[in-house]
Amino acid sequence: MAKPQKRYVCQSCGSVSHRWAGQCADCNEWNTMVEEANTAATPFHSKHNLQTGGRAIQLVGLDAEIKLPDRMATGIAELDRALGGGFVEGSATLIGGDPGIGKSTLLLQAAAKMALAGQSVAYVSGEEAADQVRLRARRLGLGNAPVQLAAATSTRDILTTLQTKPPAMLVIDSIQTMHSDLIEGAPGTVSQVRASAQELIRFAKERGTAVVLVGHVTKDGSIAGPRVLEHMVDTVLSFEGERSHQYRILRAIKNRFGGTDEIGVFSMQTEGLAEVGNPSSLFLTHRDDAMTGATVFPALEGTRPVLVEIQALTVRLASGATPRRAVVGWDSGRLAMILAVLEARCGLSFSNAEVYLNIAGGYRVQDPAADLAVAAALISAMSERPVPVDAVAFGEVALSGEIRPVAHGPLRLKEASKLGFERALVPASMTGEKSGMKLSGFKTLASFVDHMMGRG
């Protein structure tokens, strides 16, 4: 009998090697190769013919009638928004986020509300004892919710317990603590995470239980373990936010039953996570007078516009000093591009000035429509001319200096108007929009600079 061959699996990307190495050859991470047992596999040169002996499957056309999946509302509107209407029966959802961000608190609140509404909910913790979860529920004012609690790490024990009476929803906190006795390896390894998740997902599909898996994240914020875990589940939610700020954003980055890029906004309070119906109130500075270097940008998250404040500061340096560029909440490469366009196309020089850019409230902006708002903040900071307090700005800036239109402009204007803004600095192609606001359109960044500097 051939001796089983050793194999080493990268805990970051799942790459397999038959030799140990200090650095993974695929993802270049250090000290991630861990020895794991090699399960027996069918030889590549097997003589079995897979074209016969199987079970015939039913093929259906694209035009076949299909019923929309039934959803279970959680009672938390912001969570339901991110999910696309609630949890789907028989689905698998993965939620990741930094330690202490509020993943367990949010799921415990959702589980308690669903249980109080008559749904059967099981909450299995592999990191805390059942009494610890019960004490947290009491602090949140949910001690009377009929949620079934357990502290376990064996996937076999969990599924055996729930086999006779499957709950409507099962929360596993967290998947990295689960252990399957079908394979060797410690909990948290790639093979154990994959095997445990596969068994739990199979249980969800066969029994119609909505399974929610909590996942740890790495230093860069991605869910720990191989990306195959994200491919196995139906929905991936990312819980984001700075622990120094009270707001939390639940972002859907994958959803097989609904749209992606939807967000739910929460505020961390002493009694748990509270929903934020108007997210713009978190990210706007309440001020009566206009300030230099500050402008308001209507960002778009999925179908929800969120107004955020962009702040810029420029500091003149003595000749010969190296200026610094610091960015918080935006792409530093895009800031460099905007500065280059302002200098090359508009004649504004920032070469002898330090530039600091900040998105208020710790919000992170990835929308290219923020280009014009950033340019407005930079011009305002350098010229000491404030942007009107009742104005918003948005538009994409091209390397040629052209201001290009962006998606969902009317939706952004509608949200700004609803919050009391009366004018908008937009691309020239949008000046015909009916929004109830005064629209100032610009074709090029040079004309926009002239307007900001009072030259036109």
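So, which residues does F448 touch, leaving out those up to four places away in sequence? They are L372, A375, A376, I379, I403, L425 and F442, where touching means heavy atoms within 4.5 Å.

Before I go on, a word on what we're looking at. This is a predicted model, so local features need pLDDT of at least 70, side-chain atom pairs count only at pLDDT 80 or more, and totals for chains, interfaces and linings use all residues. Residues are numbered from 1 along each chain as its sequence is written, and side-chain values use heavy atoms, with hydrogens and water left out.

Okay, back to F448. Along with F297, L342, L378 and L445, F448 touches the most other members of the largest nonpolar core, which has 65 residues. By nonpolar core I mean a set of buried Ala, Val, Leu, Ile, Met, Phe, Trp, Tyr and Cys residues joined through side-chain atoms within 4.5 Å. Buried is under 20% relative accessible area, exposed is over 50%, and partly exposed is in between, using a 1.4 Å probe and protein chains only. Helix α9, residues 371-383, gives this core its largest share, 10 residues. There's also a second, separate core of 36 residues, and L83, A115, A145 and M169 are among its members.

Zooming out, the chain has 11 helices and 23 strands; those are DSSP runs numbered from the N terminus, helices being H or I with at least four residues and strands being E with at least two. Of the 456 residues, 48% are buried. The C-alpha trace spans about 85 × 55 × 50 Å along its principal axes.

Now the salt bridges, meaning a side-chain nitrogen of Lys or Arg within 4 Å of a carboxyl oxygen of Asp or Glu. The count comes to 12.

Take R334 and D371, which pair at 2.8 Å, N to O. R334 sits in helix α8 (residues 332-346) and D371 in helix α9, 37 residues apart, and the pair links these distant parts of the chain. D371 is buried at 0% relative accessible area, while R334 is partly exposed at 23%.

Next, R156 and D181, with the closest N and O atoms 2.7 Å apart. R156 lies in helix α4 (155-162) and D181 in the loop between β9 (169-173) and α5 (190-207), so this pair ties together parts 25 residues apart in sequence. Both ends are partly exposed: R156 at 44% and D181 at 45%.

Last one: E128 and R136 come to 2.6 Å. Here E128 is partly exposed at 22%, and R136 is buried at 12%.
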